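Me: Before we settle on any wording for this model, I would like to go through the labels one at a time and ask what each of them rests on.

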Amino acid sequence: MKENKFCVIGLGYFGEHLVKELVAQGAEVIAIDKKEERLNLIKDIVSFAISLNTTNENEMKKLGLEDVDAAIVAIGEEFEDSIVTTAILKNIGVKRVITRILNPIHEKLLNALEVSETLVPEAYAANHLAKKLMLPEVLETFRISNEHSIFEIQVPKWMVGKSVLDAEIRQKYSLNIVTIKRKIEKGNIIRKKSETIIIGTIMPTHIFTADDILVLFGKESDFTKFMNV
């Protein structure tokens with residue numbers, strides 16, 4: 001199995017946590033930052049950590065970054081450094097460059113560089129929090145497009161004891177059940193532990209229980225109607 005290899009440039013709060021998450025999922029990570037103190041926080045878990053001015057193209061060429069699956073420019077402070085670093089990565093042949101957007105002007109400049117992949121972690125976090133505040137029943141959401149998302153919710157009380165066929169989620173709300181998670185208790189009276197299992201493909205005869213967690217796919221507008229039943 002091929003090991004994924006990434007380069008993360010800029011180890012502020014977002015960059016540091018991205019590195020740790022990638023490593024936790026089994027990826028090989030090259031971490032770059034100008035500040036040694038930031039590198040010290042992650043140098044023991046990454047395959048390579050280096051203090052470098054990423055606006056120096058000659059130095060960047062020496063790293064062999066054209067072999068990584070993606071380079072993520074997570075710089076969150078220096079506007080010009082982010083632009084120049086992104087341009088250099090594209091110029092040296094990195095096949096996939098993802099750049100963190102700092103502000104609207106920065107976004108326009110990235111568009112001029114024809115950077116197709118950008119991210120705004122702050123906007124995502126704000127959107128995620130807004131949904132949790134507006135729909136506290138939602139356990140998790142994953143946006144797929146501007147309209148569609150995947151939603152995880154505890155099964156509504158009105159569905160407990162009903163079958164998938166009787167609930168008519170798809171017919172009435174245009175939502176598809178991707179799968180169902182279910183909490184089960186294991187162990188004995190002295191030592192119990194809760195475990196979540198995936199039921200897998202859902203049959204029309206499946207009967208919902210209060211412990212079911214629904215994983216739904218559909219438009220956010222349809223999901224909102226469903227939650228307001």
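Me: What makes Phe226 buried?
Reply: In this predicted model, Phe226 has a relative accessible area of 1%, and since buried means under 20%, Phe226 is counted as buried.

Me: Why is the pair of Trp158 and Phe226 called edge-to-face?
Reply: The count of aromatic pairs comes to four, and in the one formed by Trp158 and Phe226 the ring centres are 6.1 Å apart, with the planes at 65°. Because rings pair if their centres lie within 6.5 Å, and planes over 60 degrees apart count as edge-to-face, the pair of Trp158 and Phe226 is given that name.

Me: What makes Trp158 and Phe226 a pair that ties together parts 68 residues apart in sequence?
Reply: Trp158 is in the loop between β8 (148-154) and α7 (164-167), whereas Phe226 belongs to helix α9 (residues 220-227), so the pair links parts with that separation of 68 residues in sequence.

Me: Why is the pair of Phe223 and Phe226 called tilted?
Reply: The ring centres of Phe223 and Phe226 are 6.3 Å apart and their planes stand at 40°; because stacked planes are under 30 degrees apart and edge-to-face planes over 60, with the rest counted as tilted, this pair is tilted. Phe223 and Phe226 are three residues apart in helix α9, and are therefore separated by about one helical turn. Both residues are buried, and together with Phe151, Trp158 and Tyr173 they form one aromatic cluster.

Me: How do you know that α4 and α5 are roughly parallel to each other?
Reply: Helix α4 (residues 79-91) and helix α5 (residues 104-112) pack at an angle of about 15°, their axes being 11 Å apart. Because angles under 35 degrees count as roughly parallel, that is the term for α4 and α5. Their crossing is right-handed, and the contact is made by Phe79, Ser82, Ile83 and Thr86 of α4 together with Ile105, His106, Leu109 and Leu110 of α5. Sorted by class, the contact of α4 with α5 has five nonpolar and three polar residues, and no charged ones.

Me: Why does Ala70 count as buried?
Reply: Ala70, which lies in strand β4 (residues 70-73), has a relative accessibility of 1%, and because the limit for buried is under 20%, Ala70 counts as buried. Leaving aside neighbours within four places in sequence, Ala70 is in contact with Lys5, Phe6, Cys7 and Arg96.

Me: What makes Glu114 exposed, and what is the phi of Glu114?
Reply: Glu114, in the loop between α5 and β6 (117-119), has a relative accessible area of 64%; because exposed means over 50%, Glu114 is exposed. The phi of Glu114 is positive, at about 60°, although Glu114 is not a glycine.

Me: Why is Ser174 called partly exposed?
Reply: The relative accessible area of Ser174 is 45%, and because that class lies between 20% and 50%, Ser174 is partly exposed. Ser174 is placed in the loop between α8 (169-173) and β9 (176-187), and its phi is near 55°, a positive value in a residue other than glycine.

Note on methods: Residues are numbered from 1 along each chain as its sequence is written. This is a predicted model: local features need pLDDT of at least 70, side-chain atom pairs count only at pLDDT 80 or more; totals for chains, interfaces and linings use all residues. Side-chain values use heavy atoms; hydrogens and water are left out. Axes are lines fitted to C-alpha atoms, for helices over the stretch in contact, and angles run from 0 to 180 degrees between N-to-C directions. Helices (H or I, at least four residues) and strands (E, at least two) are DSSP runs, numbered from the N terminus. Angles under 35 degrees count as roughly parallel, over 145 as roughly antiparallel, 65 to 115 as roughly perpendicular and the rest as oblique. A crossing is left-handed if the near helix is turned anticlockwise from the far one by less than a right angle, and right-handed if clockwise. Contact means heavy atoms within 4.5 Å. Ala, Val, Leu, Ile, Met, Phe, Trp, Tyr, Cys and Pro count as nonpolar, Asp, Glu, Lys and Arg as charged, and the others, Gly among them, as polar. Rings of Phe, Tyr and Trp (its six-membered ring) pair if their centres lie within 6.5 Å; planes under 30 degrees apart count as stacked, over 60 as edge-to-face and the rest as tilted. Buried means under 20% relative accessible area, exposed over 50%, partly exposed in between (1.4 Å probe, protein chains only).
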